[in-house]
Every structure is written in structure tokens, then in C-alpha cells.
Amino acid sequence: MRYVELRSDTMTRPTPTMRKAMAEAEVGDDVFGEDPTVNRLETMAAERLGKAAALFVPSGTMANLISQMVHCGRGEEMILGSLAHSFYYEQGGSAAVASIHPRTVPNQPDGKLSLNELEAAIRSDNIHFPRTRMIALENTHNLCGGVPLEPAYLRAVGDIARGHGIRLHIDGARLFNAAAALGVPARQLAGEADSISFCLSKGLAAPVGSLVCGSSDFIQEARRARKVLGGGMRQAGILAAAGVVALNEMVDRLAEDHANARRLAEGLADISGLVIDPGRYRTNIVYFDVVKSGLSAAELVAALQKEGVRMLASGTHTLRAVTHYEVTAVDIDFTLKAMTNVLR
Ligand SMILES: Cc1ncc(COP(=O)(O)O)c(C=O)c1O
């Protein structure tokens, strides 16, 4: 049975061009810096984001942890949103692995942190306090519905960070989705960041991998941190080859995923029993509330699966659907029909 796969954009399978590029990739030992395909991907990523250097890492989680480890020492503090992926979904790795103290500021529904609350959370010099070393933002913001953070807000946060002599990291797992939604080049969303990561393995459809980008000094330290975390990958050019295709071929089509997500959100808004504000969703992630349907999220997910549609129960009464290149407008219409059938 074919399913319309809406659980996550991480479900995307490599394209035929990626598979061919992987099979034919020129490789070497990347821990020795000798994999030409990894080196090419890192150069492309750094250029795309306007940074001096980049590092290929296995996952978005490792990209975040490496950045935290480079910017913060033991017992030092990073400030991030209460709904940040790296606070919420990464096993507390900053504390568990790197002894970094996370301090949260509430995420507003638009994915932002209030500038006043953010600045107030930065510690003064006091023997009782940990030292604040880093602020982390997320763009697009996953748990806030894939909202993009625009350049003016990033500039305001960058000013605060610089004013206090602390670093700004951006978890840009879906940075190219943000750029597509805002109609700006990705590098315009990276300018304020001392470090910025993005994932190849989500909407860009590569099987594995993320890039962390920053200054040459930052990347030199990041390379050390990757090694201690076990992320040195030898003939990783096999994977990087798919990443090169992802950057060349999959970025310019992300607007299609956003149009499909909007089509889905608007269709769901017309189905009785579901609550959604379709205007909120500007990229490829859609959340909606099912409490009025009389079904739990898990029950609705099970019923949809029988109709050939897969979504994720993101809460007891909340579902998540994420569009990507393997989901077409026809699939969205099929999904809306399936939802109507299930709730009838
Ligand atoms: C915003 C964000 N950051 C980081 C990650 C972690 O990426 P990975 O699953 O590659 O570790 C995710 C994964 O969904 C994410 O949505």
C-alpha cells in the first residue's frame, strides 16, 4: 500500500540523482581532511551562508551540540527558547554531555523570544551566577509551526548578543525553508550568527547529514568537538555527494512544499471537528487540534493510516503534518478526503 507520508520531512528518500552521485562519489579519509566530496560540500555550504568555513556532521543534533561545546565551557550558560528543539528534543545533551547549563526564555507563538526577556536573562558578573556565553535561535521554528524568523528580528538579537560579548548560534535545520518563505537568500538569515547549522536530511531530501558554518577558528574547534563526539566519518563523501545534489537541486523547489502545506491547512480548516488557524503556517509544517472531533490524536492517526495517510500525534489532541518533495498537491487532496471520511 502506498502512503501519503506526512509524519516528517526526514522521511524523504534520496532522489535518483543523489543515488547516482553517491555511487560515483570520489572519496578519501575525511578525518585526515582528504575527502574531496566532503571538502566540496563544505565549501558550497560556507559560500551559501556567507561564512568562512563549514563542517559536515552526521545530524542536526550533533551540529547543535558541537556549536554549544565550542561557544560554552563547563558550567557556563546558554539561553534558548523553552520550545527549542535543542532544549526539548535532544536529551538535554548540552548538560548530559557537555556540562552546559541551559536557561530558557518562553518561546512566543511566532517562534521568537521577547527581546526584553532575552536581554534580562543574560547574567551579570556575579560569583553566584554561571556565565552566559551563548544565545540560540531556531529558524524555522519546528514546535512553533515552522515559522520563519525574519532578518530584522535576527539583527535585533545579534545586537543584543554583541552588546554583551556573547555568541549567537542559529539552529537552521530548515533554514532554506525560512529563506524560501521570506523570499531572501539564506545568507541574509546567517549574517548575525557566529555559528549556524542546517540539515540536508529534511526537506532537502539527502539521506544523512548537516552542516555547521562559521569562522575558520570556530570550524577548527568544531572539528575537534566532532571528533570527541565520534562524528569523524572517514569516506563520508558517499554521503556528502547526496548533500551536493541537495544544495544544487532541492533548495529552489521548497516553495512547492509550502504551497502544499498551505493547501492542507486551508482544507483542514474546512473540516468540522478540527481546529487550525491556516494563516499561521508559512512553511512546510502544519499543526492542528483534534479535540472537538471526539478522537484522541493517536486514534485519529490510526484511522488515517488505514486510509493511506500517515501523520504524527504530536500531543494528546494535536497532530502534525509536514510536506516535502514526495508529497504532491494530489496527495494533499487525497489526504483531505481521507480526513473527511474518517471524521464523518
Ligand atoms: C529544528 C530542529 N533542529 C534540530 C533537529 C535535529 O536534527 P537530527 O534529527 O538530524 O538530529 C531537528 C530534527 O527534527 C529539528 O527539527
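Let's start in a loop. Threonine 140 sits in the loop between strand S5 (132-138) and helix H7 (151-163). A quick word on those labels: helices (H or I, at least four residues) and strands (E, at least two) are DSSP runs, numbered from the N terminus. What kind of peptide bond joins asparagine 139 and threonine 140? A cis one, with omega about 0°.

Before going on, some ground rules. This is a predicted model, where local features need pLDDT of at least 70, side-chain atom pairs count only at pLDDT 80 or more, and totals for chains, interfaces and linings use all residues. Residues are numbered from 1 along each chain as its sequence is written, and side-chain values use heavy atoms, with hydrogens and water left out.

Now the sheet. Two strands pair if DSSP finds at least two bridges between them.

Strand S3 (residues 77-81) runs parallel to S4, and five bridges join them. Isoleucine 79 is opposite arginine 103 in S4.

Now S2 itself. S2 and S8 pair antiparallel, over five bridges. Valine 57 stands opposite serine 210 in S8. Five of the five residues of S2 are buried, so S2 is largely enclosed by the rest of the structure. Buried means under 20% relative accessible area, exposed over 50%, partly exposed in between (1.4 Å probe, protein chains only). In a regular strand the side chains alternate between the two faces of the sheet. On one side of S2 we have Ala53, Leu55 and Val57, on the other Ala54 and Phe56, all buried.

Last, two residues with positive phi. Glutamine 91 is not a glycine, yet its phi is near 60°. Glutamine 91 lies in the loop between helix H4 (85-88) and helix H5 (93-98). Is glutamine 91 buried or exposed? Exposed, at 80% relative accessible area.

Arginine 234 is not a glycine either, and its phi is about 55°. Its loop runs between helix H9 (216-228) and helix H10 (237-250). At 35% relative accessibility, arginine 234 is partly exposed.
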